[in-house]
Amino acid sequence: MTDTPKPAPLFDKLALIGIGLIGSSIALRARRDGLARQVVAATRSRKTADTANRIGVVDHCGTDLAEAVKDADLVIVCTPVGACGEAMKTIAPAMKKGAIVSEVGSVKQAVVRDMRPHVPEGVHFVPAHPIAGTEHSGPEAGFPTLFDGRWCILTPLEGVDQSAVDRLAAFWRACGSMVEFMAPDWHDMVLGIVSHLPHLIAYTIVGTADDMAGERRSEVIKFAAGGFRDFTRIAASDPTMWRDVFLNNREAVLEILGRFQEDLFYLQRAIRWGEGDKLFELFTRTRDIRRALIDMKQA
């Protein structure tokens, strides 16, 4: 019995700018499945680069961002969204014509605003957002199956080369993702609801519990129920990344937060006045959403 040969690589050289959870997971998947003949990375932190080289996440990781992207067919910027523009400015002079440059931020309008002015003529800019992650960070946090069965949203801009979009979509499908396409502004509103607001609530609830606990803090941690544990997992996410998300998607987040506050006041009133029918209706409706997620294998 012979092994099934791997398909030809989609790219000759893949360069990752940033090698945290997402970058290292991309690298591990690309190397495992032969999606690129060479996988390199660069990060401004010497310590992080040394870690990436020590554990063998990529063929090589350095601290010179421009050097890493030389001759790369695909460049993916995996920095926090607030650093994407500066990263693009740094690597732009070294990028070859015909290359594709993408990123993985959970905010799109601000990233497009910051990156697009620095994209060289002849380089194809295709923003993307893999909706996958854990509360862990750094090159040691990555694993090759992170994107399996998860959505990756591409937000191609008007006038971009369609073949570049198709090649990037094929790459993400090869990483295990399901691919969807959205406009950048609609992406930011949708993700504001399903990702950004839940993180903001988690940070707030855990912070409130910590503030209220005082001398009882050890008991709060000891007897934390499943719901609170779930919130602490979300609230343990990378602080730099989420600071940048909220600052760069503030309009959508503030709009959604206003609606959430209205709904919270409605719930507060129902509890105060003993309106059990309203509580039951809401809890039934939200349970149906959970069941829908399970049916779509997104739970």
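Colleague: What is the bridge partner of Val 77 in S5?

Modeller: Glu 103 is the partner of Val 77. This comes from a predicted model.

Colleague: How do you know that strand S4 and strand S5 pair?

Modeller: Two strands pair if there are at least two bridges between them. Strand S4 (residues 74-77) and strand S5 (residues 100-103) are joined by 4 bridges.

Colleague: In what order do the 6 strands of the open sheet stand?

Modeller: The order is S3-S2-S1-S4-S5-S6, and the pairing is parallel.

Colleague: What makes S3 and S6 stand at the edges?

Modeller: Strand S3 (60-62) and strand S6 (124-125) each have a single partner strand. One side of each is therefore left without a neighbour in the sheet.

Colleague: How many bridges link S1 and S2?

Modeller: S1 and S2 pair in the parallel sense over 6 bridges. Phe 11, for one, has Ala 36 in S2 as its bridge partner. S2 also pairs with S3, again parallel, over 3 bridges. There Ala 41 stands opposite Cys 61 in S3.

Colleague: Why is the unit of S1, H1 and S2 called right-handed?

Modeller: A crossover is called right-handed because, with the strands pointing away from the viewer, the path from the first strand over the helix to the second runs clockwise. S1, H1 and S2 make a right-handed β-α-β unit.

Colleague: What makes S2 mostly covered?

Modeller: In S2, 5 of its 7 residues are buried. Buried means under 20% relative accessible area.

Colleague: How many residues does the largest nonpolar core have?

Modeller: That core has 38 residues. Leu 14, Leu 16 and Trp 172 are among those with the most contacts inside it. H6 supplies its largest share, 6 residues. Nonpolar side chains tend to be buried together in soluble globular proteins.

Colleague: Which residues does Leu 16 touch, not counting residues up to four places away in sequence?

Modeller: They include Ile 26, Val 39, Ala 41 and Ile 76.

Colleague: What other core is there?

Modeller: A second, separate core has 34 residues, including Ala 66, Ala 87, Ala 94 and Val 111.

Colleague: Is Thr 155 buried or exposed, and how do you know?

Modeller: Thr 155 has a relative accessible area of 0%. The cut-off for buried is under 20%. So Thr 155 is buried. Thr 155 lies in the loop between S8 and H6. Leaving aside neighbours within four places in sequence, Thr 155 is in contact with Lys 108, Pro 127, Met 182, Ala 183, Pro 184 and His 187.

Colleague: Which residues of helix H10 are buried?

Modeller: In helix H10 (residues 239-248), Trp 242, Asp 244, Val 245, Phe 246 and Asn 248 are buried.

Key
Residues numbered from 1 in each chain as written. Predicted model: local features only at pLDDT ≥ 70, side-chain atom pairs only at ≥ 80, totals over all residues. Heavy atoms only, no water. Helix = DSSP H or I, 4+ residues; strand = E, 2+ residues; numbered from the N terminus. Core = buried A, V, L, I, M, F, W, Y, C linked by side-chain atoms within 4.5 Å. Buried < 20%, exposed > 50% of the residue type's maximum accessible area, 1.4 Å probe, protein only. Contact = heavy atoms within 4.5 Å.
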